[in-house]
Amino acid sequence: MNPDSSMIDPFGRAITYLRVSVTDRCDFRCVYCMAEDMTFLPKRDLLTLEELDRLCTVFVEKGVRKLRLTGGEPLVRKNIMHLINELSRHLKSGALEELTLTTNGSQLSRFADELAAAGVRRINVSLDTLDPDKFRAITRWGDLERVMRGIEAAERAGLRIKINAVALKGFNDVEIPDMMRWAHGRGMDFTLIETMPMGEIDADRTDQYLPLSQVRAELAERFTLTDIPYRTGGPARYVEVAETGGRLGFITPLTHNFCESCNRVRLTCTGTLYMCLGQEDAADLRAPLRASEGNALVAAAIDEAIGRKPKGHDFVIDRTTRRPAVSRHMSVTGG
Ligand code: SAM
Ligand code: SF4
């Protein structure tokens with residue numbers, strides 16, 4: 001990499017992590033993420049897989065070391081393995097340290113071996129409950145059994161798995177200790193996420209919001225939690241749990257602002273770059289990408305965008321307006 005081309009934002013943070021939402025579509029309709037009746041983007045608005053590859057490559061040339069594919073559900077994008085196989089050349093060259101994805105697990109039985117062969121080493125699987133009926137209720141359309149088969153396939157393929165669960169009041173709060181024991185018993189990290197106020201959904205978020213400070217305090221009454229410096233390049237802060245020997249992560253956008261160490265930006269499947277998950281400001285990269293065959297225009301547009309990356313988000317679960325802090329759904333930027 002040319003050192004002059006690296007991305008440093010106005011607060012001195014080096015941008016080394018790109019998250020790419022490869023589709024806004026999903027085979028689930030998790031209640032905190034989507035409304036049941038969603039209008040998705042027309043296919044013609046999507047970047048092609050070749051265009052996604054080209055954009056990701058420009059970011060890698062500009063210093064991105066970690067690339068995470070997300071969505072919507074990344075594994076429902078048609079021919080997604082073509083993109084992943086192409087991107088894996090950056091792993092082989094050493095330009096990229098990690099190529100990974102966040103998935104709901106529904107398609108993992110089909111893709112686990114191919115992902116491992118492409119050089120993917122770790123994946124995040126989102127799973128909010130171990131109860132099949134509750135799983136169906138929270139995802140509206142999902143089948144727990146199928147996700148479990150996917151997780152087993154990923155384990156057999158040698159992928160390391162982190163389980164991510166959104167902590168939801170009155171839904172999975174009572175289950176958190178059991179889920180943690182289950183994940184740690186299988187050698188998987190377990191991370192809890194606070195609900196973030198993104199997009200109109202059919203429910204009231206103030207009913208769902210469970211501060212992780214409270215969850216942690218309750219867990220600390222039953223388990224010995226020790227803060228550890230372990231990091232995976234994302235916003236989670238980890239503790240080690242003496243009783244299980246596993247790692248427990250907390251992603252706490254609301255109770256503890258994690259922006260000061262933010263190293264990431266987010267690209268949508270239409271080529272829109274969001275400099276912050278919790279802000280509306282964005283830059284269009286599709287037009288400069290399509291304007292010429294060379295990458296100079298798009299590289300300049302990226303530099304301009306990084307130059308206005310905000311200091312942090314303004315998330316708040318607002319009891320008075322009950323409006324989402326950010327109007328787009330999480331499935332647009334992929335979390
Ligand atoms: N479909 C994939 C999945 O579920 O893993 C990838 C995309 S999904 C948007 C990424 C993550 O965002 C999931 O772990 C999901 O639970 C989380 N998520 C979605 N909406 C959220 C919200 N409003 N607040 C917090 N996390 C959310
Ligand atoms: Fe789909 Fe993931 Fe959103 Fe659930 S959280 S609806 S699986 S994109």
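A crossing of two helices is called left-handed if the near helix is turned anticlockwise from the far one by less than a right angle, and right-handed if clockwise. Helices are DSSP runs (H or I, at least four residues), numbered from the N terminus.

The model is predicted, with local features requiring pLDDT of at least 70 and side-chain atom pairs pLDDT 80 or more, whereas totals for chains, interfaces and linings use all residues. Residues are numbered from 1 along each chain as its sequence is written, chains are lettered from A and ligands numbered from 1 in the order in which they are written, and side-chain values use heavy atoms, leaving out hydrogens and water.

**Stop 1: helices α6 and α8**

Select residues 176-185 for α6 and residues 212-222 for α8. Their axes (lines fitted to C-alpha atoms over the stretch in contact, with angles from 0 to 180 degrees between N-to-C directions) come within 11 Å and cross at roughly 70 degrees. The two helices are therefore roughly perpendicular; this term covers 65 to 115 degrees, while angles under 35 degrees count as roughly parallel, those over 145 as roughly antiparallel and the rest as oblique. The crossing of α6 past α8 is right-handed.

Next, display the side chains of Ile176, Pro177 and Arg181 in α6 and of Val215, Leu219 and Arg222 in α8, which make the contact (heavy atoms within 4.5 Å). By class, this contact comprises four nonpolar, no polar and two charged residues. Ala, Val, Leu, Ile, Met, Phe, Trp, Tyr, Cys and Pro count as nonpolar, Asp, Glu, Lys and Arg as charged, and the others, Gly among them, as polar.

**Stop 2: helices α2 and α3**

Move to residues 80-92 (α2) and residues 108-117 (α3), whose axes come within 10 Å and cross at roughly 15 degrees. That angle makes α2 roughly parallel to α3, and their crossing is right-handed. Ile80, Met81 and Ile84 of α2 meet Phe111, Glu114 and Leu115 of α3. Five nonpolar residues and one charged residue form this contact, with no polar ones.

**Stop 3: ligand 1**

Select ligand 1 and the 18 residues around it, of which Tyr32, Gly72, Thr102, Ser126 and Met196 come nearest (a heavy atom within 4 Å). For polar contacts (pairs of N or O atoms within 3.5 Å), start at Tyr32, where a polar side-chain atom lies 3.0 Å from an oxygen atom of the ligand. A backbone N or O atom of Gly72 lies 3.0 Å from a nitrogen atom of ligand 1, and a polar side-chain atom of Glu73 lies 3.2 Å from a nitrogen atom of ligand 1.

**Stop 4: ligand 2**

Finally, select ligand 2 with Cys26, Phe28, Arg29, Cys30, Cys33, Gly72 and Asn104 around it. This shell divides into four nonpolar, two polar and one charged residue.

Conventions:
A polar contact is a pair of N or O atoms within 3.5 Å; within protein, one must be able to donate a hydrogen and the other to accept it, and residues adjacent in sequence count only if both atoms are side-chain atoms.
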